[in-house]
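Here is a briefing on one protein chain. Look through the sequence and the model first, then read the points below.

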Amino acid sequence: MTKSKESFHVNGESLLKKIKELIAEGNVTRISITDKSGKELMSFPLTIGMVGVVFAPILAAVGAMAALITECTITVEREV
């Protein structure tokens, strides 16, 4: 399988919503979040079969981080 990368620029308010949307899509294998200067703040893999219980701590961390940043970039790795 081939992997492709896609980036989204979001503000802190919409960060958690966008992450949840990407997880729901299902074909995402890795998500990285960088600040506006390009420093990686968080990166986590998504594997097929992960359940909601596993995502809860990740989403809590993303939510806490969203309160602290104004702009960021989400880079998504997908299986195509």
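**Strand pairing and the sheet**

Strands E2 (residues 28-35) and E3 run antiparallel and are joined by five bridges. This is a predicted model.

- Four strands form an open sheet in the order E1-E4-E2-E3, and the pairing is antiparallel.
- Strand E1 (3-11) and strand E3 (40-45) stand at the edges. Each has a single partner strand, so one side of each is left without a neighbour in the sheet.
- From one strand to the next, the twist averages 15°.

**The fold as a whole**

- The protein has two helices and four strands.
- Along the sequence, these elements follow the pattern β-α-β-β-α-β.
- The radius of gyration is 12 Å, close to the 12 Å that the globule rule gives for 80 residues, so the protein is as compact as a globular protein of that length.
- The C-alpha trace spans about 35 × 25 × 15 Å along its principal axes.
- Of the 80 residues in the protein, 39% are buried.
- Take the contacts between residues at least 6 apart in sequence: 71% of them join residues at least 24 apart.

**Helix H1 against the sheet**

- Helix H1 covers residues 12-25.
- H1 lies across E1, E2, E3 and strand E4 (71-79).
- H1 runs at about 155° to E1.

**Lys 18**

- Where does Lys 18 sit? Its place is in helix H1.
- Is Lys 18 buried or exposed? Its relative accessibility is 18%, and the cut-off for buried is under 20%. Lys 18 therefore counts as buried.
- Which residues does Lys 18 touch, leaving aside those up to four places away in sequence? They are Phe 8, Val 10 and Ile 74.
- The charged end of Lys 18 sits over the ring of Phe 8, 4.1 Å from the ring centre.

**Aromatic pairs**

- How many aromatic pairs does a search of the whole structure find? The search finds zero.

Definitions and conventions
Residues are numbered from 1 along each chain as its sequence is written. This is a predicted model: local features need pLDDT of at least 70, side-chain atom pairs count only at pLDDT 80 or more; totals for chains, interfaces and linings use all residues. Side-chain values use heavy atoms; hydrogens and water are left out. Buried means under 20% relative accessible area, exposed over 50%, partly exposed in between (1.4 Å probe, protein chains only). Contact means heavy atoms within 4.5 Å. Rings of Phe, Tyr and Trp (its six-membered ring) pair if their centres lie within 6.5 Å; planes under 30 degrees apart count as stacked, over 60 as edge-to-face and the rest as tilted. A charge sits over a ring if NZ of Lys or CZ of Arg is within 6 Å of the ring centre and within 35 degrees of the ring normal. Two strands pair if DSSP finds at least two bridges between them. Axes are lines fitted to C-alpha atoms, for helices over the stretch in contact, and angles run from 0 to 180 degrees between N-to-C directions. The radius of gyration is taken over C-alpha atoms; the globule rule is 2.2 Å times the number of residues to the power 0.38.
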